[in-house]
Amino acid sequence: MIRSAFALSCFMASPAVAGEIWVTNEKDDTVSVISTETLEVIQTYPTGERPRGITFSKDFSRVYICASDSDAVQVMDPNTGEILHDLPSGEDPEQFVLHPNDRHLYIANEDDAITTVVDTETRKVIAQIDVGVEPEGMAVSPDGAIAITTSETTNMAHWIDTETQELFANTLVDSRPRHAEFVAGGTQLWVSSEIGGTITVFDVADQSEIGKIGFEVQGVHPDRVQPVGFEFTADEKTAFVALGPSNHIAVVNAETLEVEDYILVGRRVWHMDFNGDKSQLFTTNGVSGDVTVIDVASRTAVKSIKVGRFPWGAAYRPTE
Amino acid sequence: MGKDLAYSVIAGLMIAAAAQAEVALHVGYLSVYEDLPPTLSNLDPEPDDIGIAGAMTGLEDNSTTGRFLGHSYTLTTAILEEGDDHLAAAAALLGETPFVIIDAPAGDLLAIADLPQAADALLFNAAADDVPLRDDACRVNILHTMPSVAMRTDALAQVFLKRRWDDLVMIAGTHPQDTAYADAMRRSLTKFGLELAAEKTWAFDADMRRAAAQEVPLFTQDFGDYDVMVIADELQDFGRYVLYNTWEPRPVAGSEGLTAVTWSPVIEQWGAAQLQSRFEDQHARDMTGQDYAAWAAMRSLGEAVTRTDAADVDTLRAYILSDAFELAGFKGRPLTYRDWNGQLRQPIALAHPRALVAQAPLEGFLHQTNELDTLGLDRPESNCEAFE
């Protein structure tokens, strides 16, 4: 039943660019590669220890993987799965973001209260910035001028001037900030707080708070509704927010900041990414060890794909 | 104060920043000597810095956050030795700061809280798990970051009920701590509709390291069949020799075997791995429940300073007890304080030495306001009036 419903929605979608979703499996030391056409795992490649953050270079010729317990960012050839080399990353790299210049990786060093900036070409550390305790969420503005680190125990978004590699502002958010994204052409910053159970929306111009999004899943205690990763649709009018152990994705109207829908997915949903035309969303579900595929238009879960143990990060690359 | 009294001042990370800090919080840590009876095994020596180590990790966490806000934190510790006058030491410390984290037996804690110097203080009980401190002996100037023994026995009772292990027997030691644990366990079992089929008192004086294999099977034979054996042995004296020596092959829980604990090195979920590794890097050992309670006290103060931009007792106490307060305590839920007796609400780990088995409150144990209040004295059960 589910399969045929899915086939229909797939058929209706505009012919998508063939592509892959790469998923890091935190407790298997592997990445699973899912075909966005067949929705099956087509490759599994070994990585360093405890892979978490994952992102591609601009031309998709390289995939960067935070191997947290190997204290390295690994650079892999996505066509072969071969690890080309490691980048110096500082200790315990958890998440990172690639600057629009396609060279500088901003890396959160979770154990060290540091953000490390690495040049992927020279393979050298160009700056280390002291931030709050347990840095995690990383974002960079579309114009590349601002990088953000969120610190989980300090409960702040730290604003980094990418020219000077220095902090120019620190803004408090609710407990355990996990993920940050710039939206609306870089005029807004969204930060999710896992234990606080909220997303705070900032005006980037003056770092003031514009609004706050709360979540309420029927039948789930508010304490278990824990926003973590989130992504926006192509028109940026809608955000999909992973709510951790509540096992739901919230669909948020990015203009009114109201929650419009909740979608049941796998257990402990953490991060996500879209396919090429953003018609499908792939969520990593740590505890159930699978990836849920959501049809974006109908806001329904259409398939679960078994991957490795504790899937954490997800990143898309086109293959045509 | 005795001559052995160790007295030291530990500044936060950011001594340089302190000069320009707009808000400075000075915290005291007082450890009162407790004379405990010897135990059969020497396997688990207690670390010298138990508790303080947690406070120091909390201090560092606070200081790292504070430097972005112009807040500075310092810690003064007073570690008392046998024979030291704890009331004089407490009065001296309270002369320096009204914020004191205390590791002391219940009686000493109450005497300190009743000092005139403590009248307007904010004390944190980071060690005593006695139920009366959260009940009719509560004090308005004490908050409790250490869970009560009732919170721990309620956690175990939830496991027994959920697993349908309802045929229970208990062996209790004779130390006051064992008796208090056994009382709390009986109360918890009644609360969750369970009961003990039989009880025995441990009153051996043989050295069980040699005699356990002979004595324990015989001692447990007349229990007949049962589901779980509960051990009340809070000083970790004899319980370890009961495991695998019972007449019936049944699991052991309570003070030994499956234990309900404040914290354990086996907790790695909910971001706990970070706190564990931070602690281990700083102190070269595992974090204990007492370290966790002291860390939580220090972090509660830090969180309140961060959010209120103040460092006076009235503002911080009001904020900590308000709905706005929440502490991210690496237990998967926000931690808050019960405004009827000052107890920090927190999940309780059910663990054996190698893994976390479950975390209470277990799924299905519901509560009209907060599931965490299924653990320990709930508002209607507590006779604490000081907070009204």
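Guide: Let us begin with helix H3 (residues 86-96) of chain B in this predicted model, where the buried residues are B:His86, B:Ala89, B:Ala90, B:Leu93 and B:Leu94.

Visitor: What makes the buried residues of H3(B) line one face of the helix?

Guide: Seen down the axis of H3(B), the buried residues fall within an arc of 135°, and therefore they line one face of the helix. In general, an α-helix has 3.6 residues a turn, so residues three or four places apart point the same way.

Visitor: Why is helix H2 of chain B called largely enclosed?

Guide: A residue counts as buried if 20 or more other C-beta atoms lie within 10 Å of its own, and 15 of the 15 residues of H2(B) are buried, so the helix is largely enclosed by the rest of the structure.

Visitor: What can be said of helix H9 of chain B in terms of span and cover?

Guide: H9(B), residues 289-308, has 20 residues and reaches 28 Å from the first C-alpha to the last, close to the 28 Å expected at 1.5 Å a residue. H9(B) is also mostly covered, with 18 of its 20 residues buried, and after the helix comes B:Asp309, whose phi is positive, near 60°.

Visitor: Why is strand E14 of chain B described as largely enclosed?

Guide: Four of the five residues of E14(B), residues 348-352, are buried, so the strand is largely enclosed by the rest of the structure.

Visitor: How do you know that E14(B) pairs with strand E11 and with strand E15 of chain B?

Guide: Two strands pair if there are at least two bridges between them. Three bridges join E11(B), residues 258-261, to E14(B) in an antiparallel arrangement, with B:Thr259 opposite B:Ala351. Five bridges join E14(B) to E15(B), residues 355-360, and these strands also run antiparallel, with B:Ala349 opposite B:Gln359. A hairpin through two residues joins E14(B) to E15(B).

Conventions. Residues are numbered from 1 along each chain as its sequence is written. Chains are lettered from A and ligands numbered from 1 in the order in which they are written. This is a predicted model: local features need pLDDT of at least 70, side-chain atom pairs count only at pLDDT 80 or more; totals for chains, interfaces and linings use all residues. The expected span of a helix is 1.5 Å times one less than its number of residues. A residue is buried if 20 or more other C-beta atoms lie within 10 Å of its own, exposed if 12 or fewer, and partly exposed in between; C-beta atoms are placed from the backbone. The arc is that of the directions from the helix axis to the C-beta atoms.
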